Amino acid sequence: MRIIEPSELIINSDGSIFHLHLLPEQIADTILMVGDPGRVDTVSDFFSSKEFTVSNREFKSTTGTYSNKRITVLSTGIGTDNIDIVVNELDALANINLKTRTVKDAHRKLTLVRLGTSGALQPDIPLASYVLTEISIGFDGLLNFYANRDKVCELEMEQAFLKHTNWNAQCAKPYFTYSSERLVKLFESYTIKGVTISAPGFYGPQGRVLRLPLADAYLNEKIESFSFNGKRITNFEMESSAINGLSKLMGHDSVTICAIIANRVVKDATKDYQPAIKNLIEG
């Protein structure tokens, strides 16, 4: 049995995992993930009781009870690089014995639900609506660093997209990952099911131009016009692809639900998106 080396699994002096500063017993099986640390309090204010709050850098966690169910809410910060840290460390807390540095015999499955904000890529998706990610496209390339990525990806859709966009070979190769079918069915009644792009940046990777020109000025138009087996790309955000991909590889369930706060096609945005976020959390 492999003993995971201290350089590969860093544990703090109090026994907590390196970045999240959490102990194994502190995480619930259901984990709500938000980007903004300030949003952790917004979510946890709905809890009937709270066990603790831990904060380190952009990672803030509160575990408590809502409707007699134990839930952890955790902020991830922005980007799939942070998701790589968060999902790996959550899985380590669930499935690695931190004292012996060995993988546990029994697998513990986590349910990861990301609640976020997003920009729509189709003109008919209204502001303040909620898009439920059925498939996530990673423009970040993160999953390509892990073995067996092809086993958890929609390869036919991936190839069709590369051809349709005449994908720039200097960019990371996109990967297409499914959300948990169970979670999609759970939330589909009050959301719009869609295909979500996780971009590795807010400006150029999402087609925004300030002072720097884009490598492909028509990429967003190609994205908007892409369709595969009746599925179209609905929105941009920055985390769901890594959540889905890593969760699939590790045996966890995941899904992302985003409040639409801007529509990139009709060039409109909400002046105050906080009510939409609060309604999403309550839902």
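Tutor: Let's begin with one residue. This is a predicted model. In it, Thr165 touches Asp216, Leu219 and Lys222, leaving aside residues up to four places away in sequence.

Student: Where does Thr165 sit?

Tutor: Thr165 is in helix H3.

Student: Buried or exposed, that Thr165?

Tutor: Buried, because its relative accessibility is 0%. The cut-off for buried is under 20%.

Student: And how far is the C-alpha of Thr165 from that of Tyr218?

Tutor: They are separated by 9.0 Å. Along the chain, the two residues are 53 apart.

Student: What about Asn166, where is that one?

Tutor: Asn166 lies in the loop between helix H3 (155–165) and strand E9 (175–178). Its phi is near 50°, a positive value in a residue other than glycine.

Student: Is Asn166 buried or exposed?

Tutor: Exposed, at 62% relative accessibility. Lys267 is another residue other than glycine with a positive phi, near 60°.

Student: Which loop holds Lys267?

Tutor: The loop between strand E13 (253–263) and strand E14 (268–269). Lys267 is exposed as well, with a relative accessible area of 70%.

Student: Switching to helices. How do H2 and H6 pack?

Tutor: H2 covers residues 80–95 and H6 covers residues 240–250. They pack at an angle of about 30°, and their axes are 9 Å apart. H2 and H6 are therefore roughly parallel to each other.

Student: Left-handed or right-handed crossing for H2 and H6?

Tutor: Right-handed.

Student: Which residues meet there, between H2 and H6?

Tutor: From H2, they are Thr80, Ile83, Asp84, Val87, Asn88 and Asp91. From H6, they are Ser241, Ala242, Ile243, Leu246 and Met250.

Student: How do the residues of the contact of H2 with H6 divide?

Tutor: Six are nonpolar, three are polar and two are charged.

Student: How many residues of H6 are buried?

Tutor: Nine of its 11 residues, so H6 is mostly covered. Among the buried ones are Ser240, Asn244, Gly245 and Ser247. Ile243, Leu246 and Met250 are also on that buried list.

Student: What comes just after H6?

Tutor: Gly251, which takes a positive phi of about 85°.

Student: Back to H2. What does Ala92 touch?

Tutor: Ala92 is found in helix H2. It touches Leu9, Ile17 and Leu98, not counting residues up to four places away in sequence. Ala92 is buried, with a relative accessible area of 4%.

Student: How far apart are the C-alpha atoms of Ala92 and Thr102?

Tutor: They are separated by 9.8 Å. The two residues are 10 apart along the chain.

Student: Is Cys258 buried or exposed?

Tutor: Buried, with a relative accessible area of 0%. Cys153 counts as buried too, at 12% relative accessibility.

Notes: Residues numbered from 1 in each chain as written. Predicted model: local features only at pLDDT ≥ 70, side-chain atom pairs only at ≥ 80, totals over all residues. Heavy atoms only, no water. Buried < 20%, exposed > 50% of the residue type's maximum accessible area, 1.4 Å probe, protein only. Axes fitted to C-alpha atoms, helices over the stretch in contact; angles between N-to-C directions. Helix = DSSP H or I, 4+ residues; strand = E, 2+ residues; numbered from the N terminus. Parallel < 35°, antiparallel > 145°, perpendicular 65-115°, else oblique. Left-handed = near helix turned anticlockwise from the far one by under 90°. Contact = heavy atoms within 4.5 Å. Nonpolar A, V, L, I, M, F, W, Y, C, P; charged D, E, K, R; others polar.
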